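Me: I have a structure open and want to learn how to read it. Take me through it one feature at a time.

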Amino acid sequence: MPDPSVGTGQGGAHSSGASPHVSPRHPRLDPLADRYAARTHGMKSSEIRALFSVVSRPEVVSLAGGMPAVTALPLDAVGSMIGELVSGMGAQTLQYGSGQGDPRLRERICDVMALEGITDASPSEVVVTVGSQQGLDLVTRVFVDPGDVILAEAPSYVGALGVFQAAQARVRHVAMDDDGLIPEALEEALLECRARGDRVKFLYTVPNFHNPAGVTLTEARREAIVAIAEQYDLLVIEDNPYGLLGFDKEPMRALRARNADRVVYLGSFSKTFSPGLRVGWVLAPLAVREKLVLATEAQVLCPPSLTQYAVARYLDTQPWREQIKVFTELYRERRDATLESLTALMPPGTTWTKPEGGFYVWLKLPHGLDAKLMQPRAVAAHVAYVPGIGFYADGGGREHMRLSYCYPEPHQIREGVRRLARVIEAELDLHSTFDAVDTGTFRAVSAATARPESSRPAPPPVIGPANSDQSEDRQP
Ligand SMILES: Cc1ncc(COP(=O)(O)O)c(C=O)c1O
């Protein structure tokens with residue numbers, strides 16, 4: 001039976017003989033429009049999903065998606081391993097499992113976390129999830145009521161903002177720089193929220209090779225943030241899918257390694273093994289773990305057995321540490337291609353971060369340009385990126401874009417950056433031409449978009465509730 005939600009362009013509610021079950025093509029004609037829960041009102045497609053149809057075109061160089069280079073995996077070995085798993089372990093691999101996840105896998109997860117200094121974790125404190133994305137959702141369900149405030153870096157991971165929005169949380173962004181989240185800005189945000197009587201539920205942070213900013217929290221700032229958490233009784237959600245993907249240095253000690261009571265840690269095998277298996281985890285104090293298991297049982301009963309056994313077997317039998325080195329070598333080469341091309345080709349006034357691991361470069365356009373407005377021109381020039389506004393809950397980030405170097409080959413990256421540089425140059429030309437013309441209309445537009453960030457009125461510090469009308473333009 002065809003999926004009634006997929007429009008064919010034919011039939012539908014207006015055509016003669018249309019089935020009454022076929023969704024009308026126009027959303028205003030949705031007969032259930034007035035019944036949706038309030039939490040759905042702010043939901044809309046993320047900047048990244050909106051690009052899907054574009055980036056899959058072969059002529060487009062996509063610097064948009066954060067897809068790991070899974071072709072670098074030993075696919076035959078992984079394939080035989082999974083086959084043997086089913087034939088060897090039999091029905092167990094195809095059966096329901098425990099809500100908390102497979103005990104053997106939870107033990108191995110503790111070994112993985114030890115690489116980042118978490119040596120006191122017990123498998124009983126680990127909950128296996130369907131990617132760290134489900135971990136984010138569970139943690140938010142367990143802690144956040146509508147209207148609660150979540151502190152999050154500016155910018156923040158688009159998938160986390162989507163979860164927070166669905167929970168009708170209000171996001172208060174906290175500034176970051178090349179050294180990661182700024183502790184003084186965090187303290188200021190906490191004091192401000194306290195003075196207003198806001199209920200701050202937690203700080204959400206990605207300390208390593210940040211998505212999208214590409215920066216890493218320094219050692220001194222890690223200490224400072226943990227101290228602030230202690231002083232202000234703040235819960236920290238440490239989201240760390242990229243921590244083992246450093247190019248030069250040993251992995252840094254996790255925030256969770258510094259404080260087991262105030263930090264809930266989210267991990268994932270998506271970037272170190274495979275995102276398609278959808279295996280991640282949460283490490284949390286026992287009382288929180290209990291709530292997370294109840295929440296996961298209500299949501300999915302249990303994480304999938306087969307993929308959990310596959311990851312446990314992979315960790316038991318395959319050289320996974322060496323495989324991570326294979327990945328980081330490949331990503332380092334692509335990072336280098338990106339940074340070299342940016343340095344060679346970008347017009348003056350463009351700046352970017354210099355990641356030491358992970359997948360992303362965060363680029364700031366020359367003064368006055370808008371990455372979202374420029375996007376159609378870039379797509380026409382066959383290059384794709386993610387506009388910065390997707391990573392803000394408050395409409396910020398217009399001058400920014402995220403470039404991902406994880407998936408394209410170095411020669412494609414160089415070509416993509418070359419195309420992007422031309423688009424930016426053309427945009428600059430256009431601006432200088434029109435800036436010279438004294439038209440009231442253009443001035444009105446340029447005044448709104450071209451003012452330096454520092455001279456713009458400060459945005460309201462806490463945004464939301466997330467389903468309010470204001471959020472229309474911000475959802476990732
Ligand atoms: C910071 C961050 N957190 C969480 C996720 C979700 O990862 P997954 O659900 O595949 O584990 C991603 C994916 O890109 C991410 O970048």
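Reply: Start with contacts. Two residues are in contact if their C-beta atoms, placed from the backbone, lie within 7 Å. Among contacts in the protein chain between residues at least 6 apart in sequence, 76% join residues at least 24 apart. One caution: this is a predicted model, where local features need pLDDT of at least 70, side-chain atom pairs count only at pLDDT 80 or more, and totals for chains, interfaces and linings use all residues. Residues are numbered from 1 along each chain as its sequence is written.

Me: How many helices and strands does the protein chain have?

Reply: Both are DSSP runs, numbered from the N terminus: helices are H or I with at least four residues, strands are E with at least two. The protein chain has 14 helices and 14 strands.

Me: How do I read burial?

Reply: Count C-beta atoms, placed from the backbone, within 10 Å of the residue's own: 20 or more others means buried, 12 or fewer exposed, and anything in between partly exposed. Of the 476 residues in the protein chain, 43% are buried.

Me: Which residues touch the most other members of the largest nonpolar core?

Reply: A nonpolar core is a set of buried Ala, Val, Leu, Ile, Met, Phe, Trp, Tyr and Cys residues joined through C-beta atoms within 7 Å. The largest one holds 110 residues. Ile150, Leu151, Val282, Val311 and Tyr385 touch the most other members. Take Leu151. Beyond four places in sequence, its contacts are Arg172, Val174, Leu186, Ala189, Val200, Leu203 and Tyr204.

Me: Now sheets. What is the strand order in the eight-strand sheet?

Reply: Strands of a sheet pair through backbone hydrogen bonds, either parallel or antiparallel. Here, two strands count as paired if DSSP finds at least two bridges between them. The eight-strand sheet is open, runs 2-9-8-7-6-3-4-5 and has mixed pairing. Its edges are strand 2 and strand 5 (180-181), each pairing on one side only. Look inside it at strand 7 and strand 8 (residues 263-268): they are parallel, over four bridges. Valine 236 stands opposite valine 263 there.

Me: And the sheet of four strands: why is one side of strand 10 and of strand 13 left without a neighbour?

Reply: That open sheet has the order 10-11-14-13, with antiparallel pairing. Strand 10 (351-352) and strand 13 (386-387) are at the edges with a single partner strand each, so one side of each has no neighbour in the sheet. Strand 13 pairs with strand 14 (residues 400-404) over two bridges, in the antiparallel sense. Arginine 402 in strand 14 is the bridge partner of valine 386.

Me: How do I read a helix, say helix 10?

Reply: An α-helix has 3.6 residues a turn, so residues three or four places apart point the same way. For length, the expected span is 1.5 Å times one less than the number of residues. Helix 10 (residues 305-317) has 13 residues and reaches 18 Å from first C-alpha to last, close to the 18 Å expected. Its buried residues are Thr307, Gln308, Tyr309, Ala310, Val311, Ala312, Arg313 and Tyr314. They pack against helix 3 (75-89), helix 4 (103-114), strand 2 (126-129) and helix 11 (320-345).

Me: Why does leucine 235 count as partly exposed?

Reply: Leucine 235 has 17 other C-beta atoms within 10 Å, so it is partly exposed. It lies in the loop between helix 8 (219-232) and strand 7 (236-239). Outside four places in sequence, leucine 235 contacts Lys201, Phe202, Arg262 and Val264.

Me: Which backbone angles deserve a look?

Reply: Check omega for cis peptide bonds. The bond from alanine 154 to proline 155 is cis, with omega near 5°. Asparagine 211 and proline 212 are also joined by a cis bond, with omega about 15°. Then check phi. Aspartate 233, not a glycine, has a positive phi near 55°. This aspartate is exposed, with 9 other C-beta atoms within 10 Å. Leucine 301 has a positive phi of about 65°. It sits in the loop between helix 9 (286-300) and helix 10.

Me: Last, the ligand. Which residues are closest?

Reply: A residue is near a molecule if its C-beta atom, placed from the backbone, lies within 6 Å of it. The ligand is surrounded by 14 residues, and Gly131, Ser132, Gln133, Ser268 and Ser270 are the closest. Helix 5 (residues 131-143) gives the most to this shell, with three residues.
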